[in-house]
Amino acid sequence: MEIEVCNLETERLLLRKLNMSDLEDYIEFRSNADLHKFLSTKPKDNVKDYKKSLKSIVKSYISKAPRLIWAIIFKDKNKLVGTISIENYLCAHKLCELGWSVNVNYQGKGIASEAGHALINHLFGNCDINRIYASIWQGNEASKKLALKLGFMHEGTDRQARFKNGKFLDVLNFGLLKTEWETLNKNKKM
Ligand SMILES: CC(C)(COP(=O)(O)OP(=O)(O)OC[C@H]1O[C@@H](n2cnc3c(N)ncnc32)[C@H](O)[C@@H]1OP(=O)(O)O)[C@@H](O)C(=O)NCCC(=O)NCCS
């Protein structure tokens, strides 16, 4: 089954495709070095590079790229405050990886929890996905807490699987199965 970046709405957020009018917010969001502490990315050198990066995301919506990126829009301010993405989608195995990032100035407000919950509901509810996983670098407490809050389970650790700033870091593997998500939802309704 093909998965597309469609609009998903929650109480405070709209998840939608990015477009070029998000550029200013995109730069604000991606240019803070703290955002990249546990990512393999780093801030870009200039506005031109951010424009190129945003353009390639916008282009990816028509080229059926293996990576699907949703903008997280804070509805009250009509502002891009982060992204949530599907990576490594394996249709035959009904599984995908989730990646999440929120503008440093908007972190700790439950935005990733709200966006993650909406996308997971969509993937299990409408997209024939059976397993979602997240790969979280050692030390990324916020991301670990988020994964656990969303119902993921720590399944194992790839030791010294990443190298950043002269140090090897473990990668923690978190996974969530559709059956577990169904049980979580059932318990919530009781
Ligand atoms: C991980 C990230 C997306 C979380 O976004 P967020 O919108 O701040 O998350 P939420 O506000 O929904 O919080 C989720 C949980 O993490 C906790 N949390 C948030 N920031 C935290 C921090 N710095 N340290 C410890 N826990 C933290 C929250 O308290 C919450 O748990 P709780 O509801 O039990 O209190 C954000 O920190 C981020 O963008 N980090 C940089 C990019 C990154 O590392 N992405 C992940 C790659 S695997």
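In what sense do strand β1 and β2 pair, and over how many bridges? Hello everyone, let's start there. Strand β1, residues 8–9, pairs with β2 in the antiparallel sense, and two bridges join them. Two strands count as paired here if DSSP finds at least two bridges between them.

Two notes before we go on. Residues are numbered from 1 along each chain as its sequence is written. What you see is a predicted model, in which local features need pLDDT of at least 70 and side-chain atom pairs count only at pLDDT 80 or more, while totals for chains, interfaces and linings use all residues.

Back to our two strands. Leu-8 has Leu-15 as its bridge partner in β2, and Glu-9 has Leu-14. Three residues lie between β1 and β2, and the two strands form a hairpin.

Now look along β2, residues 13–16. In a regular strand the side chains alternate between the two faces of the sheet.

On to the next strand. β2 and β3 (residues 68–74) run antiparallel and are joined by four bridges.

Which residues of helix α1 are buried? In α1, residues 23–30, they are Asp-25, Tyr-26, Phe-29 and Arg-30. These four cover an arc of only 120° around the axis, so they sit on the same side of α1. That arc is taken from the directions from the helix axis to the C-beta atoms. As a reminder, an α-helix has 3.6 residues a turn, so residues three or four places apart point the same way. The cover over the buried residues of α1 includes α2 (47–60) and β4 (79–90).

Next, the core. A nonpolar core is a set of buried Ala, Val, Leu, Ile, Met, Phe, Trp, Tyr and Cys residues joined through C-beta atoms within 7 Å. The largest one has 41 residues, and those touching the most other members are Leu-15, Ile-72, Ile-84, Ala-115 and Leu-119. Helix α3 gives the most to this core, with eight residues. Take Ile-72: not counting residues up to four places away in sequence, the residues it touches include Leu-13, Leu-15, Val-102 and Ala-115. Touching, or contact, means that the C-beta atoms, placed from the backbone, lie within 7 Å.

How many residues surround the ligand? There are 23, and the closest are Gln-107, Ala-112, Ser-113, Ala-142 and Lys-145. The elements giving two or more residues to this shell are β5 (95–102), α3 (111–126), β6 (131–137) and α4 (141–149). Of these, α4 gives the most, with six residues. By class, the shell has 11 nonpolar, eight polar and four charged residues. Here Ala, Val, Leu, Ile, Met, Phe, Trp, Tyr, Cys and Pro count as nonpolar, Asp, Glu, Lys and Arg as charged, and the others, Gly among them, as polar.

Finally, a few loop residues. Asp-128, in the loop between α3 and β6, has a phi near 55°, a positive value in a residue other than glycine. Asp-128 counts as exposed because it has 12 C-beta neighbours inside 10 Å. Asn-165, in the loop between β7 and β8 (167–177), is not a glycine either, yet has a positive phi of about 50°. Asn-165 has 6 C-beta neighbours inside 10 Å, so it counts as exposed.

Last stop: Asp-76, in the loop between β3 and β4. Asp-76 is 63 residues from Leu-13 in sequence, while C-alpha to C-alpha they are 8.3 Å apart in space.

Terms used:
A residue is buried if 20 or more other C-beta atoms lie within 10 Å of its own, exposed if 12 or fewer, and partly exposed in between; C-beta atoms are placed from the backbone. Two residues are in contact if their C-beta atoms, placed from the backbone, lie within 7 Å. A residue is near a molecule or strand if its C-beta atom, placed from the backbone, lies within 6 Å of it.
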